[in-house]
Amino acid sequence: MTGRLHVQNLPLTRLLPMLDTSEPLIESPNLAPRQPISAIRAEQGQYRLSSLFWGLTPPWLEVLDHAPHCARAETLESRAMFRDAFNARRCVIPVSGFYLWKNQPRSKQPYLVTQVSRAPLLLGALWCRYHTTLTAFSDSAALITVPANVLLSPLTDRLPVVIPSHALSAWLNPDTDSQTLNSLLAPAPLELLGAFPVSKYVNNPAYQSPACAHPTGSMLRWAVSQEL
């Protein structure tokens, strides 16, 4: 389960030239749930960057601590918490990477997962809106997770779903059929992602130094020889 993100120096306008970035990107080397997070949504035919609360808070949720920051892909159409948002309100969270923790005998080793090329990742998510008054509202989001691929499964059992940039239009379109959406809810291609161990400084969500992402070992990545 992904509980921390790395969001730094993202060339979003190069990846998405038509993106409206009038609202600045929220950056952090160690972004934890229940904090503001930047998302890309389709609004009036345009991609727009906006701030959401990381933790899905539908109007009927009574305890904020119960707001899920991740949603399992297998439950999106069966759980009332996620069903409506998945059908009509999808977004992506742009990141430079995300952290995961590998279980070890006496502790957990943090890893940073990035695209091998270090290009931005677009993580699939869903969002909802809670009206506090007739004119005021709060938007929130949860990442969608899928089973880890063969490369990263020794580190964790689940990873955020990565939406390819060429599929962004279909993902954000509320009219896209369920078959197309479900086809995107798949583990990342083996050659796309890599992971390297990082300092345990990242264990503290209050620690906001670039040192959180400094490698302490080599990158785990898929090699062509592994396919032979």
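## Basis of the model

The model is predicted, so local features need pLDDT of at least 70 and side-chain atom pairs count only at pLDDT 80 or more, while totals for chains, interfaces and linings use all residues. Residues are numbered from 1 along each chain as its sequence is written, and side-chain values use heavy atoms, with hydrogens and water left out.

## Aromatic pairs

Three aromatic pairs are found in a search of the whole structure. Rings of Phe, Tyr and Trp (its six-membered ring) pair if their centres lie within 6.5 Å; planes under 30 degrees apart count as stacked, over 60 as edge-to-face and the rest as tilted. One of the pairs is formed by Phe-86 and Trp-171, with 6.4 Å from centre to centre and 55° between the planes, and is tilted. Phe-86 belongs to helix H2 (residues 80–88) and Trp-171 to helix H3 (residues 168–172), so this pair ties together parts that are 85 residues apart in sequence. Helices (H or I, at least four residues) and strands (E, at least two) are DSSP runs, numbered from the N terminus.

Phe-86 counts as buried because its relative accessibility is 0%, and Trp-171 is likewise buried at 0%. Here buried means under 20% relative accessible area, exposed over 50%, and partly exposed in between (1.4 Å probe, protein chains only). Another pair joins Tyr-201 and Tyr-207: the ring centres are 4.8 Å apart and the planes lie at 20°, so the pair is stacked. Tyr-201 is partly exposed at 47% relative accessibility, and Tyr-207 is partly exposed at 28%.

## Charges over rings

A charge sits over a ring if NZ of Lys or CZ of Arg is within 6 Å of the ring centre and within 35 degrees of the ring normal. Arg-90 lies over the face of Trp-171, at 5.7 Å from the ring centre. Arg-41 lies over the face of Trp-127, at 4.3 Å from the ring centre.

## Salt bridges

Side chains of opposite charge can pair when their charged atoms come close. The structure holds six salt bridges, each being a side-chain nitrogen of Lys or Arg within 4 Å of a carboxyl oxygen of Asp or Glu. Arg-41 takes part in a salt bridge with Glu-43, where the closest N and O atoms are 3.7 Å apart. Arg-41 is buried, at 5% relative accessible area, whereas Glu-43 is partly exposed, at 22%.

Arg-41 also bridges to Asp-139, with the closest N and O atoms 2.9 Å apart. This pair links distant parts of the chain, as Arg-41 lies in strand S3 (residues 36–43) and Asp-139 in strand S10 (residues 137–147), 98 residues apart. Asp-139 is buried, with a relative accessible area of 8%. A further partner of Asp-139 is Arg-129, the closest N and O atoms being 2.7 Å apart. Arg-129 lies in strand S9 (residues 121–131), ten residues from Asp-139, and is partly exposed at 31% relative accessibility. Through shared partners, salt bridges join Asp-20, Arg-41, Glu-43, Arg-48, Arg-129 and Asp-139 into one network.

## The buried face of helix H2

The buried residues of H2 are Met-81, Phe-82, Ala-85 and Phe-86. Seen down the helix axis, they fall within an arc of 100°, so they line one face of H2. The arc is that of the directions from the helix axis to the C-beta atoms.

What covers these residues includes strand S5 (70–72), strand S6 (90–95), S9, H3 and helix H4 (178–184), where contact means heavy atoms within 4.5 Å.
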